[in-house]
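Me: I have a structure open and want to learn to read it. Can we go through it feature by feature?

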Amino acid sequence: MTARIGVVTFPGSLDDRDTQRAIRLAGAEPVALWHKDKNLHQVDAVVLPGGFSYGDYLRAGAISRFSPVMETVIEQAKAGLPVLGICNGFQILTEAHLLPGGMLGNNHLHFICRDQKLRVENAETAWTSDYESGQEIHIPLKNMDGRYVADQYTLDKLEAEGRVAFRYLDFNPNGSLNDIAGITNEAGNVVGLMPHPEHAVEPLIGTGRTDGLPFFTSILKKLVNA
Amino acid sequence: MSRTPLDTVEHAAATPDVELPWAELGLKKDEYERIVEILGRRPTGAELAMYSVMWSEHCSYKSSKVHLRQFGEKAPQSDALLVGIGENAGVVDVGQGYAVTFKVESHNHPSYVEPYQGAATGVGGIVRDIIAMGARPVAVVDPLRFGAADHPDTKRVLPGVVAGIGGYGNCLGLPNIGGEVVFDACYQGNPLVNAGAIGVMRHEDIHLAKASGAGNKVILYGARTGGDGIGGASILASETFDDAKPSKRPAVQVGDPFQEKLLIECTLEAFKEKLVVGIQDLGAAGLSCATSELASNGSGGMRVTLDDVPLRDSTLSPEEILMSESQERMCAVVEPDKVDRFLEICDKWDVIATVIGEVTDGDRLEIYWHGGKIVDVDPRTVAHDGPVYERPYARPSWQDELQADDANKLPRPQTSEELKDQVLKLVGSPNQASKKWITSQYDHFVQGNTVLAQPEDSGMIRVDEESGLGVAIATDGNGRYAKLDPYTGAQLALAEAYRNVATTGAKPLAVSDCLNFGSPEDPAVMWQFAEAVRGLADGCQQLGTPVTGGNVSLYNQTGEAAIHPTPVVAVLGVIDDVARRTPVAFQEEGQLLYLLGDTREEFGGSAWSQVIHDHLGGLPPKVDLERERLLAEILISASRDGMIDSAHDLSDGGLIQAVVESALLGGKGARLVVPDGLDAFTFLFSESAGRAVVAVPRSEEVRFNDMCGARGLPVTRIGVVDGDTVDVQGEFALTLTELRELHESTIPALLA
């Protein structure tokens with residue numbers, strides 16, 4: 001058997017089709033979900049893809065968070081549905097309060113696109129179990145508003161509970177506090193990160209690395225073995 | 001309450017003596033008289049608005065048309081060409097049922113006035129041209145030229161242009177995979193912001209801009225129409241900048257990439273369901289252009305009710321609505337029984353769509369406002385029968401003197417130390433330095449099909465995931481060469497783009513161009529233009545790559561000073577399997593470096609003459625297009641058969657620049673030996689065309705040499721990939737660390 005993984009398309013989503021491809025390459029079945037449709041169509045997990053949903057107007061993710069589909073995603077994520085937010089998806093997850101903190105504009109004020117080195121800090125979430133804890137990987141990063149911020153209490157809590165899932169290595173591309181690239185919720189079913197694992201799944205394409213594929217094989221194994 | 005009566009057709013006929021502001025709208029007296037003659041009466045205000053924008057230089061190509069005809073007359077026979085010049089963009093067959101459309105356009109003047117929005121809407125416009133052909137846009141490229149890198153205004157213009165391109169293209173989800181950034185004082189005050197885009201479709205999905213079938217509905221969809229960009233086409237693009245005139249800022253349009261992204265998705269969905277008979281994007285000249293072109297290319301006439309156009313500003317006059325260049329709008333012709341479904345799709349994507357008119361039996365374009373007929377014209381006279389000028393042209397008196405000022409006679413480095421210093425100066429000069437600071441502001445990865453992106457020789461996109469079919473695109477131009485000899489300069493631009501495509505392993509198929517020149521009213525500029533077009537048309541004929549479309553940008557000058565003539569050429573190529581692509585970066589130590597082609601003492605217009613001597617004179621390098629074709633065949637065969645692991649074309653900066661780039665990208669150095677018969681200086685800095693450096697695995701050495709020998713391509717072994725220095729034996733060695741520092745720090749230091 002395989003797993004059905006939904007990918008939500010919001011108006012302005014850009015990496016939805018890329019994410020579907022990554023899911024397919026990992027061996028799972030991608031299911032397109034539409035922002036106006038509350039029905040998740042019995043998917044086993046959901047990815048909120050990257051892009052500029054609603055043109056990043058008001059604040060990245062601030063409008064999408066109120067989409068009909070998000071009502072169901074929020075409700076089911078709290079009940080344990082695995083959810084991954086990539087870039088704009090991460091921004092939506094923080095706006096929806098499924099993950100703490102928020103994102104500000106990059107500290108250098110420019111869009112940045114680069115092959116980013118990361119360390120996997122938590123290999124026990126639904127989306128990271130195919131990595132080793134401490135593993136160093138390269139994943140493309142591309143964003144305008146990628147500077148992760150949170151109050152000191154939240155940062156301390158994230159660190160103490162091992163909920164920083166990914167950290168920037170060698171170079172902090174946006175001024176994120178504690179070099180945070182991605183985090184998880186307490187239960188480990190909701191993960192958000194700024195870099196784009198769906199762009200690192202084929203040897204010829206993009207940076208030519210496949211360091212992003214374990215995101216999708218992790219969730220597949222978890223769902224199939226469940 | 002009293003108000004001026006609506007200037008209807010009837011009213012115009014009854015009031016022949018009313019004076020209209022034709023001069024303010026950019027028309028010449030004889031042009032206005034011609035409009036009166038065509039209509040048999042004075043035009044209404046709305047008609048005048050339409051004619052004035054459509055007959056502007058930007059829309060009508062009135063100065064360039066007589067020369068551009070050569071692209072058609074000299075077009076080589078090509079089975080690949082599906083749609084040629086004249087449509088929104090040309091379409092090329094790339095095999096396996098796929099067709100590719102691509103085009104390069106300029107947005108020079110707006111980008112100088114308002115860098116961010118000017119550049120952003122340049123991307124938006126070219127992308128709508130691609131959608132209008134029925135294709136999904138898959139990549140953009142941006143050839144850019146600015147004034148001197150250290151000029152204060154460059155620091156105003158460049159960051160804004162780059163942020164605008166990134167801000168728009170990134171938000172659309174289009175990978176930016178190529179282009180150029182060139183600095184030269186001649187572009188001060190006249191930056192060149194060219195934008196190219198590629199789209200992919202199946203053959204059966206090709207759409208054209210025509211309105212046919214009486215009763216079919218004309219649907220305007222996308223953004224509401226506002227007051228931005230009114231008269232932009234006629235005023236901005238057709239006049240030279242002059243400090244004495246009032247600011248033209250309001251004429252630049254403002255872009256909304258989010259709206260355009262929705263427009264892409266809803267248009268493609270409508271295409272997929274075969275709901276569209278004809279389609280046209282609204283760019284320069286807005287509704288005037290879309291309605292007159294759709295109507296004149298179709299079989300019938302068209303009737304439009306302007307009151308139905310959704311407005312952002314309810315105070316707009318009908319003339320302004322016709323001229324508005326509000327972005328992110330398109331016009332589709334749809335059969336009546338498919339209108340509901342079309343509107344449903346627009347609604348799904350939250351795109352406003354309105355039926356504003358219909359195709360009629362007649363041959364007139366009629367436009368109504370508040371019940372009165374304000375336009376009644378033969379659409380052909382608006383869209384196609386604009387004035388055609390045979391502008392006088394003459395070889396400038398200074399051309400001989402310029403060519404006699406031979407760069408080959410400039411003082412050359414006398415010692416190894418001097419040679420090394422000059423290499424360092426070149427590698428760190430703004431034009432040769434890494435443009436990473438710029439290109440890292442563009443998304444290269446989105447859509448997940450990018451095989452190669454800048455600083456590779458050409459950008460490459462996978463088209464088919466199963467077969468690995470891909471397309472490559474390179475854009476090149478060298479205004480310095482073209483200034484020395486416009487005919488040869490245009491051919492060198494073509495040769496370089498052609499070579500760049502072949503260097504990555506793709507077969508060049510077709511050409512698009514963006515011709516950037518000064519004022520056509522100057523006979524010297526007109527001569528440069530005529531020569532460049534002749535050179536390009538002859539070159540395309542010889543290489544078998546037809547010109548499928550493009551754009552002309554004139555009046556790039558401030559006062560008497562024109563920019564260097566700058567034809568920018570884009571070459572599109574196809575590769576059967578992207579797995580066989582050849583990158584620039586050195587891959588493995590021990591691989592043998594070969595120089596392909598002939599190296600001569602050619603320094604006219606070279607980077608060396610510019611950086612070391614601030615000199616421009618002499619003749620540009622010679623062009624041998626047969627040699628270019630042979631070199632391309634060798635590079636493509638070698639890539640397909642796995643004989644080379646990296647390759648880099650030689651152009652500005654010569655061999656040393658190419659080797660340094662390959663070394664830095666691969667993180668592997670090179671040991672070079674100056675070949676017999678060449679001095680070290682010529683070996684390193686010559687800019688002879690028709691050359692490339694390739695890295696050959698030792699196991700392929702014999703096979704590769706045999707292939708070159710059998711086909712008569714000169715091949716010289718020049719060294720080996722090795723170590724962490726670039727070592728020119730007997731001369732100097734430079735560590736990759738110091739080269740990288742120099743190469744990558746220049747641009748951020750000037751602009752960040």
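This is a predicted model: local features need pLDDT of at least 70, side-chain atom pairs count only at pLDDT 80 or more; totals for chains, interfaces and linings use all residues.

Me: What is the phi of Leu109(A)?

Reply: Start with the general idea. Most residues other than glycine have a negative phi. Leu109(A) has a positive phi of about 70°, although it is not a glycine.

Me: Where is His41(A) found, and what is its phi?

Reply: His41(A) lies in the loop between strand 2 and strand 3 (45-48) of chain A. Its phi is positive, near 55°, and it is not a glycine. His41(A) has 11 C-beta neighbours inside 10 Å, so it counts as exposed.

Me: Now the other case. Is Arg21(A) buried or exposed?

Reply: Here the cut-off is 20 or more other C-beta atoms within 10 Å. Arg21(A) has 22, so it is buried. Look for it in helix 1 (residues 16-26) of chain A. Then compare sequence with space. Arg21(A) and His199(A) are 178 residues apart in sequence, yet their C-alpha atoms are 9.7 Å apart.

Me: How do I read the sheet in chain A? What is the strand order?

Reply: The order is 2-1-3-4-11-10-9-6-7 in chain A. That is an open sheet of nine strands with mixed pairing. Strand 2 (29-34) and strand 7 (136-143) of chain A stand at the edges. Each has a single partner strand, so one side of each has no neighbour in the sheet. On average, neighbouring strands are turned by 25° against each other, direction ignored.

Me: In which sense do strand 6 and strand 9 of chain A pair?

Reply: Strand 6 (residues 112-120) and strand 9 (residues 164-168) of chain A are antiparallel, with three bridges. For a landmark, find Val120(A), which faces Phe166(A) in strand 9 of chain A.

Me: What about chain A as a whole? How many helices and strands does it have?

Reply: Chain A has five helices and 11 strands. Its C-alpha atoms fill a box of roughly 40 × 35 × 35 Å along the principal axes. A compact globule of 226 residues would have a radius near 17 Å; chain A has 16 Å, which agrees. Buried residues make up 57% of chain A.

Me: How many helices and strands are there in chain B?

Reply: Chain B has 26 helices and 28 strands. Its radius of gyration is 26 Å, close to the 27 Å that the globule rule gives for 752 residues, so chain B is as compact as a globular protein of that length. The C-alpha trace of chain B spans about 90 × 55 × 45 Å along its principal axes. Of its residues, 63% are buried.

Me: How many residues of helix 11 of chain B are buried?

Reply: In helix 11 of chain B, 12 of 12 residues are buried. Among them are Glu293(B) and Asn297(B). At 1.5 Å a residue, the 12 residues of helix 11 (residues 286-297) of chain B should span 16 Å; the end C-alpha atoms are 17 Å apart, which agrees.

Me: Which residues of strand 16 of chain B point one way, and which the other?

Reply: Gly470(B), Ala472(B), Ala474(B) and Asp476(B) point one way. Val471(B), Ile473(B) and Thr475(B) point the other way, and all are buried. Strand 16 of chain B pairs antiparallel with strand 15 (residues 459-462) of chain B over four bridges. Met460(B) stands opposite Ala472(B) there. Seven bridges join strand 16 to strand 21 (residues 566-575) of chain B, also antiparallel. In strand 21 of chain B, Val571(B) is the bridge partner of Ala474(B).

Me: Last one. Is the peptide bond from Gln454(B) to Pro455(B) cis or trans?

Reply: Most peptide bonds are trans. The bond from Gln454(B) to Pro455(B) is cis, with omega near 10°. Pro455(B) lies in the loop between strand 14 and strand 15 of chain B.

Key. Residues are numbered from 1 along each chain as its sequence is written. Chains are lettered from A and ligands numbered from 1 in the order in which they are written. Two strands pair if DSSP finds at least two bridges between them. Helices (H or I, at least four residues) and strands (E, at least two) are DSSP runs, numbered from the N terminus. Axes are lines fitted to C-alpha atoms, for helices over the stretch in contact, and angles run from 0 to 180 degrees between N-to-C directions. The radius of gyration is taken over C-alpha atoms; the globule rule is 2.2 Å times the number of residues to the power 0.38. The expected span of a helix is 1.5 Å times one less than its number of residues.
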